Amino acid sequence: MKIKIKEIHSFRQIGGRANQEDSRYPDQDNPQPLAVGGCFAVCDGVGGEEKGEVASGTVCAAIGKALGNRKWEQPFTDDDLQRMLSSVYDAIESASNASNDGMATTLTFVAFHGGGVTMAHMGDSRIYHIRPGKGILYRSEDHSLVNALIRSGNITPEAAVNHPKRNVITRCITRPTAEHPRDEASVIHIPYDVEPGDYFLLCTDGVHGTVNDDTISAILSEPTLSDEQKAQRLAERCAVADDNNTAIIISIAEVTDRQPAPQPAPQPQEEPAPAGAATERFNRREEMVHEVSGQKPQGGLRSFLGKIFKK
């Protein structure tokens with residue numbers, strides 16, 4: 001599947017923060033589409049005193065260095081993605097010093113290439129795939145404490161909005177250590193249903209925490225607005241955010257050479273783990289939620305919580 005991009009619009013606003021910790025690639029409000037394909041990234045630095053802006057800027061710069069001259073007519077494989085992530089971690093490690101030892105960043109990444117679309121993310125920055133008339137076809141799952149608590153039934157989505165731990169994320173890119181080794185297994189999504197007129201949105205939580213999903217979808221689906229006006233309207237809504245807010249909006253012009261989605265191979269049934277081991281793992285996860293959230297869990301936590309970082 002080959003995808004031709006129609007327009008790209010972006011904004012990067014400081015919001016109510018004293019410093020800007022968001023970064024993007026390419027770092028332009030109106031980057032020009034390539035003839036075929038291209039890649040985009042949005043990152044949100046974690047931990048103001050720990051130089052989150054260094055982490056987010058380092059990751060975006062490393063992506064640009066690794067992929068800036070790539071020929072996007074060729075497929076972008078899983079191996080290509082892992083090599084890119086490896087170069088990102090190399091860059092983070094090289095940029096680390098005593099003054100920014102705890103720096104970290106979220107990552108959203110979308111590549112349009114000769115094989116279709118590849119998306120990857122870590123943290124609570126999001127990727128949306130929106131089709132006017134249909135709504136949101138895909139939204140990445142936040143790697144955050146409150147999202148894990150929602151999925152486990154410990155809190156409601158409404159309670160998550162003002163939860164005291166809503167700024168805690170469970171996965172991100174940070175300097176590798178013995179405690180937190182390289183986490184290059186980012187969550188990957190490959191859509192096979194892409195149409196002309198679709199939108200792909202990469203954004204930090206300053207955007208989706210200020211403008212809800214229905215409003216985001218409605219703005220990008222409004223037929224009376226140009227793509228530039230849609231980006232301006234979303235930026236205006238986010239200007240009042242108490243957080244940095246950054247977005248890249250990509251509209252699709254043409255889709256050719258479609259390939260059918262691969263059929264998943266049948267999965268062999270796993271033998272059940274011994275009851276004692278399963279109970280021990282469950283209790284460890286429950287204890288972690290209780291320790292971080294300050295709440296006694298009401299149900300089982302189904303997603304493993306890894307790194308814990310405050311934004």
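Eight helices and 14 strands make up the secondary structure of this protein, 8 helices to be counted against 14 strands as you look at the model. Please keep in mind that the model is a predicted one. The protein has 311 residues, and 49% of them count as buried. Its accessible surface comes to about 15100 Å², with 48% of that belonging to carbon and sulfur atoms. As for the contacts between residues at least 6 apart in sequence, 74% join residues at least 24 apart.

Let me turn to the interior. In soluble globular proteins, nonpolar side chains tend to be buried together. Here, the largest nonpolar core has 25 residues, and those with the most contacts inside it are V59, I63, L67, L107, F109 and I173. Which elements give two or more residues to this core? They are β3, residues 38-46; α1, residues 52-67; α2, residues 78-95; β5, residues 107-113; and β6, residues 116-122. The largest share, 7 residues, comes from α2.

I63 deserves a moment of its own. Leaving aside neighbours within four places in sequence, I63 is in contact with Y25, C39, A41, G68, M84, V88, L107 and F109. Apart from this core lies another, of 19 residues, which includes F40, V194, I248 and V255.

Next, I would like to consider strand β12, residues 199-203. Why is β12 described as largely enclosed by the rest of the structure? The reason is that 5 of its 5 residues are buried, so the strand is largely enclosed. Y199, L201 and C203 point one way from β12, while F200 and L202 point the other way, and all are buried. The strand also has two partners to discuss. With β7, residues 126-131, β12 pairs in the antiparallel sense over 5 bridges, and in that pairing R126 stands opposite C203. With β13, residues 245-256, β12 likewise pairs in the antiparallel sense over 5 bridges; here L201 stands opposite I249.

H143 is placed between β8, residues 135-139, and α3, residues 145-151. Is H143 buried or exposed? Its relative accessible area is 12%, and because the limit for a buried residue is under 20%, H143 counts as buried. Not counting residues up to four places away in sequence, H143 touches H121, M122, G123, D124, I169, T170, R171 and V187.

Methods
Residues numbered from 1 in each chain as written. Predicted model: local features only at pLDDT ≥ 70, side-chain atom pairs only at ≥ 80, totals over all residues. Heavy atoms only, no water. Core = buried A, V, L, I, M, F, W, Y, C linked by side-chain atoms within 4.5 Å. Buried < 20%, exposed > 50% of the residue type's maximum accessible area, 1.4 Å probe, protein only. Helix = DSSP H or I, 4+ residues; strand = E, 2+ residues; numbered from the N terminus. Contact = heavy atoms within 4.5 Å. Areas by Shrake-Rupley, 256 points an atom, 1.4 Å probe, with all protein chains shown as cover. Pairing = 2+ DSSP bridges.
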